[in-house]
Amino acid sequence: MDGHSRSIGMTIYKGEFKKLHYANPINRFGIGTWVAGTSICGIMFFKQFGADAEAQALAILNAGLWIIYIVISLKGFKELKDPSFGQQAHGVLLLTTVSTQSLVLLFNTVFADVPGGLNAALIFLGLLFYTISAWVILKRYAVRGWNIAKDWNNTNCIFHGALSISGLAMFKSGLVTHQLAAWFWLAVFLVFIVVESIEIVRLIWRIRIYGLKEGIFTYDVTQWSRIFTFAMFFTFTFFIETPMQAVILNTGIWIILILLIIELYLSVDSIRRKHVRIPLSVRKERSV
């Protein structure tokens with residue numbers, strides 16, 4: 001059983017699933033990480049161990065999870081019409097696209113012959129989810145009064161991450177030619193530049209307002225989305241020959257590694273700070 005499955009099981013076992021993942025329409029979209037994570041585990045499992053039957057069974061189970069997730073997400077999109085929820089919209093909505101395209105990559109890895117119609121349908125559906133999600137998110141930021149340091153979410157980097165995995169799914173499934181994939185890569189690259197430019201401005205303002213430690217070196221679980229998006233763009237670039245390929249691959253691997261080290265440090269530091277030590281006097285009282 002993979003880590004994502006255990007995460008689902010633990011929340012259900014503790015009776016926290018509805019509170020953590022369903023009560024708020026925005027949080028429901030986060031379930032897409034379980035679908036995408038299971039897809040990656042299935043791909044790695046297949047490539048490392050060549051366990052065809054097991055990987056195919058996992059792919060089928062993950063498809064079932066994806067269907068449940070999409071039904072939940074559709075209800076979530078409907079509830080986002082409420083302004084109180086709509087003004088909370090952020091990049092987590094784009095996990096509808098990520099999860100869908102991850103399923104395409106999983107199927108085309110573990111199954112020998114995936115019908116072209118199925119690939120096309122899933123990829124189109126993923127891009128449709130991207131369009132809807134992007135419209136809802138951009139609608140939030142189209143109004144005045146929001147603050148880039150406080151209101152621009154970490155998950156908004158999935159704007160380019162979702163496009164990267166879409167391009168990779170199109171290319172790996174054979175739905176598009178290498179030339180068309182290269183043009184799509186260029187579009188992804190432009191979105192990457194725009195989003196990460198906003199992130200740099202946000203970084204500067206957060207340091208000015210909160211200081212270095214609180215501004216950028218405070219752990220938040222959504223920060224892992226940045227590692228995913230950079231890694232996804234790196235992977236897409238690896239398969240597409242462009243004039244920028246060598247530069248991005250040579251520098252990108254170090255950027256991802258540095259981000260991973262920083263995130264691991266922040267997560268360990270967060271766990272350490274949350275650890276409550278029982279004072280010696282209290283331990284003595286309990287032992288009496």
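In this predicted model, H4 and H7 run roughly parallel to each other, because their angle of about 20° is under 35 degrees. Their axes lie 8 Å apart. The crossing is left-handed. H4, residues 32-49, brings Gly-32, Thr-33, Val-35, Ala-36, Ser-39, Gly-42, Ile-43, Phe-46 and Lys-47 to the contact. H7 answers with Leu-95, Val-98, Ser-99, Ser-102, Leu-103, Leu-105, Leu-106, Thr-109 and Val-110. By class, these residues divide into 10 nonpolar, seven polar and one charged.

The spacing along such a face has a simple basis. An α-helix has 3.6 residues a turn, so residues three or four places apart point the same way.

Turn next to H12, residues 224-239, and H13, residues 245-274. Here the axes come within 9 Å and cross at roughly 160°. That angle is over 145 degrees, so H12 and H13 count as roughly antiparallel. This crossing, too, is left-handed. On the H12 side, the contact includes Trp-224, Arg-226, Phe-230, Phe-234 and Phe-238. On the H13 side, Ile-248, Leu-249, Ile-256, Leu-260 and Glu-263 are among the residues involved. The contact of H12 with H13 has 16 nonpolar, four polar and two charged residues.

Now take H8, residues 116-141. Its 26 residues, at 1.5 Å each, should span 38 Å. The end C-alpha atoms are 37 Å apart, which agrees. Buried residues in H8 include Asn-119, Leu-122, Ile-123, Gly-126, Phe-129, Tyr-130, Ser-133 and Arg-140. What do the buried residues of H8 pack against? Their partners are H5, H6, H7, H9, H10 and H11.

Leu-163 lies in H10 and has a relative accessible area of 11%. That is under 20%, so Leu-163 is buried. Beyond its sequence neighbours within four places, Leu-163 is in contact with Tyr-130, Phe-184, Val-188 and Val-191. Tyr-130 is one of the buried residues of H8. Leu-127 is 36 residues away from Leu-163 in sequence, yet their C-alpha atoms are 8.3 Å apart.

H11 holds a charged counterpart, Glu-199. Is Glu-199 buried or exposed? Its relative accessibility is 8%, so Glu-199 counts as buried. Leaving aside neighbours within four places, Glu-199 is in contact with Trp-152, Asn-153, Asn-154, Cys-157 and Arg-226. Arg-226 also takes part in the contact of H12 with H13.

Methods
Residues numbered from 1 in each chain as written. Predicted model: local features only at pLDDT ≥ 70, side-chain atom pairs only at ≥ 80, totals over all residues. Heavy atoms only, no water. Helix = DSSP H or I, 4+ residues; strand = E, 2+ residues; numbered from the N terminus. Expected span 1.5 Å × (residues − 1). Buried < 20%, exposed > 50% of the residue type's maximum accessible area, 1.4 Å probe, protein only. Contact = heavy atoms within 4.5 Å. Axes fitted to C-alpha atoms, helices over the stretch in contact; angles between N-to-C directions. Parallel < 35°, antiparallel > 145°, perpendicular 65-115°, else oblique. Left-handed = near helix turned anticlockwise from the far one by under 90°.
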